[in-house]
Amino acid sequence: MILQALARYYRRLIDNNTKGVAPYGFSPEKISYAILLSPDGECVQVQDVRDTTGKKPIPQILEVPQPPKRASNIAPAFLWDKTSYVLGVSAASKRADKEHEAFKALHEDMLADTDDPGLKAFLTFLRRWTPERFAAPDFKDDMLDANVVFRLDGENTYLHQRPAAQTIRARLLDAGGDEAFAVCLVSGERAPLARLHPAIKGVNGAQSSGASIVSFNLDAFTSYGKSQGANAPVSEQAAFAYTTALNYLLRRGAHNRQRLQIGDTTVVFWAEAEDAEAAASAEGTLADMLDPPVDDANQTARVRRVLEGIAKGRPLAEIDPELAEGTRMYLLGLAPNASRLSIRFWLVDTLNELTRCIVQHRMDLSLAPSPWKTEPSVWRLALATAPSRDGRAKSEDIPPQLAGELMRAILTGGRYPGSLLANTVMRLRADGDVSGVRVALCKAVLARNLRAQSSQEEIPVSLDTQSTQPGYLLGRLFAVLEYAQRSALGGQVNATIRDRYYGAASATPASIFPVLLRNTQNHLSKLRKERPGQAVNLEKDIRDIVTGLPEQFPRSLRIEDQGRFAIGYFHQSQAQFTKRDAKGSAATETDIQGVHS
């Protein structure tokens with residue numbers, strides 16, 4: 001199913017003449033130099049074709065004959081390659097002489113009967129060339145191990161683009177070499193099978209040379225005498241199609257919004273619709289919903305309009321005429337696994353259903369007042385589960401597999417991963433950074449779990465003074481006690497009780513809250529002398545909250561109640577700041593630190 005969908009996407013890319021997508025048998029590769037040949041096979045000039053507009057020269061991307069898959073084997077490419085193959089010189093390879101001999105032997109065999117002037121000149125060049133000639137002024141050390149192509153002097157096309165060269169290449173591809181013929185699992189046609197599939201590049205953490213989804217390299221994988229690609233028969237053409245499409249989706253760059261990185265999971269997605277325009281519109285809409293733009297007000301407003309329309313039950317075509325109702329979306333999550341790739345998830349659904357699930361996800365996350373200006377992306381949510389060092393977290397610290405499972409839950413409407421709440425609570429306790437994103441994650445997990453259990457309990461969006469949940473009340477109480485400390489000490493407090501006691505208070509309340517309440521009496525005593533009205537209000541808040549608690553503080557709180565503790569703390573803190581702002585007293589930087597994200 002995955003390979004078939006990617007093969008169909010490849011056909012759409014080819015039909016649209018998409019830049020960077022090569023036809024069958026060709027591949028976009030980084031080319032740095034072109035050697036210009038005279039008709040009699042002499043080197044006229046070595047041309048640097050790199051882009052030199054920036055600080056560092058960048059190789060040009062050219063469509064060249066697809067290179068063979070290399071591991072430790074020697075396998076030359078057709079009419080181009082790196083200098084160890086083409087010229088027999090290298091700064092890294094210790095077998096450049098053997099690689100060059102293989103390159104010469106391949107072209108002696110393939111071009112022996114050609115009458116094309118350019119190909120004959122190239123063959124003459126190879127016969128005369130010796131690695132010692134690299135010392136000539138035209139050749140520079142910068143060329144070593146760079147990719148090189150050839151061109152006949154006075155012409156604009158490279159040798160591999162000449163009709164004669166493409167005819168030879170197509171004939172070899174159609175012949176299928178020594179590969180067996182069988183029915184392809186992707187196309188359903190009888191064709192030469194791909195023994196090794198082209199490499200897939202661009203998955204974070206995978207080998208830089210590329211990895212595979214389909215591969216067999218051990219005797220244990222041999223079945224009924226079939227080895228390597230014959231175990232899962234995919235034709236050469238289908239293997240080229242699906243890997244080319246996937247490499248296009250995985251390309252790096254600011255303009256590629258069909259690729260998302262969430263922890264160790266690289267996510268790509270694409271659409272199938274009645275026409276290319278509708279598919280592109282659906283892909284852009286989904287990209288904006290999963291990774292909201294922060295600097296495009298028009299796009300943000302459009303996505304909000306779509307989400308609000310879906311929430312009200314309106315059809316997509318009515319909300320936005322550019323979005324077709326039957327558009328199907330494909331989402332693939334990949335993770336590195338040595339020389340192979342793991343499929344974290346594979347989802348196929350309509351744009352309408354995916355949008356409905358994203359709407360539900362945002363409703364589960366919602367807090368009031370909202371702790372963010374732009375809806376948090378999936379990447380930002382996953383990052384909230386990583387350790388925060390000096391207010392920053394690193395994507396490599398996101399727990400493995402959590403990111404992929406989080407994305408699956410968002411897009412299917414199912415339960416969030418079981419480790420999401422535990423990891424978020426653990427981070428809250430470890431670093432005391434009670435950010436809005438972390439609190440929203442706690443609320444979302446609890447709300448979705450309760451809904452799945454058909455529970456009557458609702459997790460409040462804003463401060464709920466009627467709640468009787470001990471965890472929620474204790475979080476509120478902790479926020480009031482912290483506010484009392486800040487009010488009494490003002491700028492003299494270096495570390496609040498949140499910095500010192502949040503972890504213990506949320507996990508083992510009975511051991512911490514009696515101490516905090518005793519210390520709060522000192523703070524209230526000071527406030528009675530300086531701001532008696534505020535002291536009375538704080539005493540009332542504490543009394544009202546404590547009245548709703550059991551006679552004795554709980555010895556410990558379950559992980560779910562620790563999530564409620566964070567929500568109660570956040571709601572009460574926001575309410576305190578709202579009250580101060582209403583009275584004309586601006587919140588200080590210390591007040592809001594750790595509450596907004």
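Select helix α7 (residues 276-290) and helix α8 (residues 297-311) in this predicted model. Their axes lie 10 Å apart at an angle of about 95°, so α7 and α8 are roughly perpendicular to each other, a term that covers angles of 65 to 115 degrees. Axes here are lines fitted to C-alpha atoms over the stretch in contact, with angles running from 0 to 180 degrees between N-to-C directions. Helices are DSSP runs of H or I with at least four residues, and strands are runs of E with at least two, numbered from the N terminus.

Next, show the side chains of S281, T285, D288 and M289 in α7, which meet Q299, R302, V303 and L307 in α8. Contact means heavy atoms within 4.5 Å. The residues of this contact comprise 3 nonpolar, 3 polar and 2 charged; Val, Leu and Met are among those counted as nonpolar, Asp and Arg among the charged.

Now display the whole chain, whose secondary structure amounts to 20 helices and 12 strands. Its C-alpha atoms fill a box of roughly 100 × 50 × 50 Å along the principal axes. Of the contacts with a separation of 6 or more, 66% join residues 24 or more positions apart.

Finally, colour the chain by accessibility: 49% of the 597 residues count as buried, that is, under 20% relative accessible area with a 1.4 Å probe, protein chains only.

Residues are numbered from 1 along each chain as its sequence is written, and side-chain values use heavy atoms, without hydrogens and water. As the model is predicted, local features need pLDDT of at least 70 and side-chain atom pairs count only at pLDDT 80 or more, whereas totals for chains, interfaces and linings use all residues.

Technical notes
Angles under 35 degrees count as roughly parallel, over 145 as roughly antiparallel, 65 to 115 as roughly perpendicular and the rest as oblique. Buried means under 20% relative accessible area, exposed over 50%, partly exposed in between (1.4 Å probe, protein chains only).
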